[in-house]
Amino acid sequence: MKKTEGAMLVVYEGELEGQRWLIEGKSVVIGRGEDCDICLPRRQISRHHARIERTDGGEYVLYDLGSKNGTCVNGEEVRDRPRLLRDGDEIQIALCVKMGFVEADATLPLVVSGPARGLQVDRAGRRVFVGGQEIVPPLSPAQYRLLLALLDAEGRVVSREAIIEAVWPEEAAEGISEQAIDALVRRLRERLTALDPDHQYIVTVRGHGFRLDNR
C-alpha cells in the first residue's frame, strides 16, 4: 500500500498538548525560529533545533542540528547520530516539548475497533474515542500500545509479561518493574475515566494481569 505523503507529530504533554503537525515534503525543520516549519517558541529550544527528513524509501530520519539542549528519541540523545524514526517513537526537544511520531497510511479507511458505544480506536489515525468523544490530547505512545494490547485480547486477560512485550519490546523483562506497569495502567485508566466516569474499562485480575471491559 502507498504510504501517506506525511507522517505526523503529536504533542501529548505540556502547554502545546494536542497540537499536531503533518510532516509533508522531503524535510521539516523544528526550532524556535519563525522560519522553521514547526515553530516551538521556547527559550530552551535552539533557533534551528532538529530536522526530520524523508528518504526515497519513505522512511523518516531525525537529525539534531547542533542544538544546545539536545534532542532525544525514546530517552536516548541523538546528537551526531541520526535516528531512524518508527511509529510510536517519543521525541523530546530540549526536554521541554515531548511529542509522538505517528506514521499513518493514507490509503486506509477509517477503521474503528470496538462497538459503536464505549471505547473505539481509529488505528489508521491513531485516534481513540470514548463514548464518541476523542481523547485529547492523544494518548502517549506507551498508553496507546497498552490499549491496543488489551483491545486485541478481546476480553481475555493480558499478563504483565505480555504487556511488557507489547509496550516495551526493546527492554529486558527484568528491567521493567511492576510499579512501572501499574503506573501506566493507572494513567490509562484516568484518561478513559475522564470521558466516561461511570464505567471501569480496565479490570485488574489479581495474580494474572488485566483485561479490557468494553461493554
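**Figure 1. Overview of the predicted model.** The chain exposes about 11,600 Å², of which carbon and sulfur atoms supply 46%. The model shown is predicted. Three helices and 17 strands are present in the chain. Of its 215 residues, 44% are buried. Among the contacts in the chain with a separation of 6 or more, 43% are accounted for by residues 24 or more positions apart.

**Figure 2. The largest nonpolar core.** This core has 28 residues, and those with the most contacts inside it are L119, V128, L146, L192 and I202. Two or more residues each are given to this core by strands β13 (119-122), β14 (127-130) and β17 (209-212) and by helices α1 (141-152), α2 (160-167) and α3. Helix α1 provides the largest share, seven residues. In soluble globular proteins, nonpolar side chains tend to be buried together.

**Figure 3. Surroundings of L146, and a separate core.** L146 is one of the residues with the most contacts inside the largest nonpolar core. Not counting residues up to four places away in sequence, L146 touches I163, V167, L184, V185 and L188. Another core, of 23 residues, lies apart from the largest one; among its members are W21, V28, L62 and F101.

Figure 4. T71 is placed in strand β7 (residues 71-73). T71 counts as buried because its relative accessibility is 0%, where the cut-off for a buried residue is under 20%. The side chain of T71 makes two kinds of pairing shown here: a polar contact of 2.7 Å with the side chain of D64, and a polar contact of 3.2 Å with the side chain of H49. Leaving aside neighbours within four places in sequence, T71 is in contact with H49, A50, L62, D64, E76, E77, V78, I91, Q92 and I93.

**Figure 5. D196 in a loop.** D196 is found between α3 (178-195) and β16 (202-205), in the loop that separates these elements. With a relative accessible area of 11%, D196 is buried. The side chains of D196 and Y201 are joined by a polar contact of 2.7 Å. When neighbours within four places in sequence are left aside, the residues in contact with D196 are V130, Y201 and R215.

**Figure 6. R51 and the ring of Y63.** The charged end of R51 sits over the ring of Y63, at 5.0 Å from the centre of that ring.

Notes. Residues are numbered from 1 along each chain as its sequence is written. This is a predicted model: local features need pLDDT of at least 70, side-chain atom pairs count only at pLDDT 80 or more; totals for chains, interfaces and linings use all residues. Side-chain values use heavy atoms; hydrogens and water are left out. A charge sits over a ring if NZ of Lys or CZ of Arg is within 6 Å of the ring centre and within 35 degrees of the ring normal. Helices (H or I, at least four residues) and strands (E, at least two) are DSSP runs, numbered from the N terminus. Buried means under 20% relative accessible area, exposed over 50%, partly exposed in between (1.4 Å probe, protein chains only). A polar contact is a pair of N or O atoms within 3.5 Å; within protein, one must be able to donate a hydrogen and the other to accept it, and residues adjacent in sequence count only if both atoms are side-chain atoms. Contact means heavy atoms within 4.5 Å. A nonpolar core is a set of buried Ala, Val, Leu, Ile, Met, Phe, Trp, Tyr and Cys residues joined through side-chain atoms within 4.5 Å. Accessible areas come from the Shrake-Rupley method with a 1.4 Å probe; for residues, only the protein chains shown count as cover.
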